[in-house]
Amino acid sequence: MSVGVLALQGDFREHAALLRGLGAEVELVRRPEELDRISGLVIPGGESSVMDKLARAFGLAEPLRAGIQAGLPVFGTCAGLIMLADTVLDAIRGQESLGGLDIAVRRNAFGSQTASFETDLDVPVLGADPVHAVFIRAPVVETVGPRARALAGLADGRCVAVEQGNLLGTSFHPEITGEHRFHQYFLGTVARVGFRG
Ligand code: GLN
């Protein structure tokens with residue numbers, strides 16, 4: 001069973017290192033045929049509009065959509081969360097997402113790069129210890145539709161982590177803070193689902 005990390009753009013190396021540290025076999029995914037070998041996929045942080053363009057240019061967007069529809073477990077962080085959202089607010093012109101999560105996300109919801117910040121979050125599904133979360137030009141989940149559920153929110157109540165079936169997404173970057181519980185949780189989903197297992 002190997003886990004893919006979409007390696008078109010963004011901080012895919014950090015995700016790959018974290019997953020390998022947890023004992024997972026990792027495949028960097030850049031071509032459609034590489035999707036046939038994976039049981040789960042991580043979509044990293046980066047720039048969603050660029051990732052979207054590259055995914056379409058590399059012929060990955062449609063196979064990714066099909067995989068998501070077929071039940072491939074996918075975990076997206078930041079730009080990856082945007083890629084998984086059914087609705088993207090403040091998208092750049094022509095930007096598309098893959099969809100799958102019944103949510104509306106707003107890109108760059110906290111302002112520009114300088115408005116990046118860190119905070120501790122309660123994430124009950126990961127246990128009692130708070131998650132230290134880094135937000136970098138991060139999106140916020142403005143609407144959580146009936147098929148999705150919020151996993152964590154900021155002190156002001158805004159949602160920043162969601163789950164829906166085999167899909168998981170965070171506005172922040174657990175891959176750069178040494179926080180491994182989201183990835184472990186995701187690997188649990190991957191093992192349970194046994195996609196192409
Ligand atoms: N602002 C970026 C976007 O719209 C996301 C930033 C990130 O992934 N850290 O894709």
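**Ligand site and core**

Mentor: Start with Ile-82, which is buried because 33 other C-beta atoms lie within 10 Å. Buried means 20 or more other C-beta atoms within 10 Å of its own, exposed means 12 or fewer, partly exposed is in between, and C-beta atoms are placed from the backbone.

Trainee: What should I know about the model and numbering first?

Mentor: This is a predicted model: local features need pLDDT of at least 70, side-chain atom pairs count only at pLDDT 80 or more, and totals for chains, interfaces and linings use all residues. Residues are numbered from 1 along each chain as its sequence is written.

Trainee: Where is the place of Ile-82?

Mentor: In helix 4. Helices (H or I, at least four residues) and strands (E, at least two) are DSSP runs, numbered from the N terminus.

Trainee: And what does Ile-82 touch?

Mentor: Ser-48, Val-88, Ser-97, Val-105, Arg-107 and Pro-139, not counting residues up to four places away in sequence. Contact means C-beta atoms, placed from the backbone, within 7 Å.

Trainee: OK, the ligand. Which residues surround it?

Mentor: Gly-45, Gly-46, Glu-47, Ser-48, Cys-78, Ala-79, Ile-82, Arg-107, Asn-108, Ile-136 and Arg-137. The cut-off is a C-beta atom, placed from the backbone, within 6 Å of the molecule.

Trainee: How does that shell split by class?

Mentor: Four nonpolar, four polar and three charged residues. Ala, Val, Leu, Ile, Met, Phe, Trp, Tyr, Cys and Pro count as nonpolar, Asp, Glu, Lys and Arg as charged, and the others, Gly among them, as polar.

Trainee: What does the UniProt "binding site" annotation cover?

Mentor: The unreviewed UniProt entry lists Gly-46, Glu-47, Ser-48, Arg-107, Ile-136 and Arg-137. They are spread over 92 residues of sequence but cluster in space, with a largest C-alpha distance of 12.8 Å. UniProt positions use the numbering here, feature names are shortened, and annotations may be inferred rather than shown by experiment.

Trainee: Arg-107, buried or exposed?

Mentor: Arg-107 is buried, since 21 other C-beta atoms lie within 10 Å. Arg-107 sits in the loop between strand 6 (101-106) and strand 7 (117-121).

Trainee: And where does Gly-46 lie?

Mentor: In the loop between strand 3 (40-43) and helix 2 (48-57). Gly-46 also counts as buried, with 21 C-beta neighbours inside 10 Å.

Trainee: Switching topic. What does the "active site" annotation cover?

Mentor: Cys-78, His-173 and Glu-175, per the unreviewed UniProt entry. They span 98 residues of sequence, yet the largest C-alpha distance is 10.8 Å. His-173 is in contact with Cys-78, among others.

Trainee: Where is Glu-175 found?

Mentor: In the loop between strand 12 and helix 5. Glu-175 is buried, with 29 C-beta neighbours inside 10 Å.

Trainee: Now the core. How many residues has the largest nonpolar one?

Mentor: 58, and Leu-41, Val-74 and Val-105 are among those with the most contacts inside it. Helix 4 (residues 79-84) gives the most to this core, with five residues. Such a core is a set of buried Ala, Val, Leu, Ile, Met, Phe, Trp, Tyr and Cys residues joined through C-beta atoms within 7 Å.

Trainee: What pairs with strand 4?

Mentor: Strand 3 runs parallel to strand 4, joined by three bridges. Strand 12 (residues 167-170) pairs with strand 4 in the parallel sense over four bridges. Pairing needs at least two DSSP bridges.

Methods:
Two residues are in contact if their C-beta atoms, placed from the backbone, lie within 7 Å.
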